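Here are some notes to read beside the model. Please keep the structure open while going through the points.

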Amino acid sequence: MIIRKAAANDIAPAAALMARAYATHFRPIIGDAALDFDQAHFEARFVRELSQLTVLDADGVRGVLLVKDGHIAMLFAAETGQGHGAALLAYAEANGARSLEVFAANEGARRFYGRAGWQVADDCEREFAGAQHHFLRYEKPMIPARRQG
């Protein structure tokens, strides 16, 4: 498993991964609007944000991470239980990520971030995919460096 900055040839497989994620994992949360987030949607986005896109490569793109100005805009691993999500999250943290948002209804993500020490800092209702949804904003507390001496 390698976590690396994405290259142009990663765009299509990363977009396919995210389109499948929306069709399966996010459809129960946002309904059929999830189907609008197809491969073409993600390809266009990843072309625009390629410099901020990271992939987890385990015999192909098996995870996607998008961090913008210290905020995790997207983190998804194709399989659970393989450590891929945790590896992507650790990579994001090591590279300065300190905030993220999740759908309040996404219990699996909430458990995942909570186990990793992220804490709910705020909640809000906002429009996403044509409807109002409840979101939770998580932040990772900074651990002060211990003084030597």
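1. The side chains of Ser99 and Arg137 are joined by a polar contact of 3.3 Å. A polar contact is a pair of N or O atoms within 3.5 Å; within protein, one must be able to donate a hydrogen and the other to accept it, and residues adjacent in sequence count only if both atoms are side-chain atoms. Another polar contact, of 2.7 Å, links the side chains of Ser99 and His71.

2. This is a predicted model, in which local features need pLDDT of at least 70 and side-chain atom pairs count only at pLDDT 80 or more, while totals for chains, interfaces and linings use all residues. Residues are numbered from 1 along each chain as its sequence is written, and side-chain values use heavy atoms, leaving out hydrogens and water.

3. Is Ser99 buried or exposed? Ser99 counts as buried because its relative accessibility is 7% (buried means under 20% relative accessible area, exposed over 50%, partly exposed in between, with a 1.4 Å probe and protein chains only).

4. Ser99 lies in strand β5 (strands are DSSP runs of E, at least two residues, numbered from the N terminus). Two bridges join β5 (residues 99-103) to β4 (residues 71-77), and these strands run parallel. Ile72 has Leu100 as its bridge partner in β5.

5. The open sheet has seven strands in the order β1-β2-β3-β4-β5-β7-β6, with mixed pairing (two strands pair if DSSP finds at least two bridges between them). Its edge strands, β1 (2-5) and β6 (119-128), each pair on one side only.

Definitions and conventions: Helices (H or I, at least four residues) and strands (E, at least two) are DSSP runs, numbered from the N terminus.
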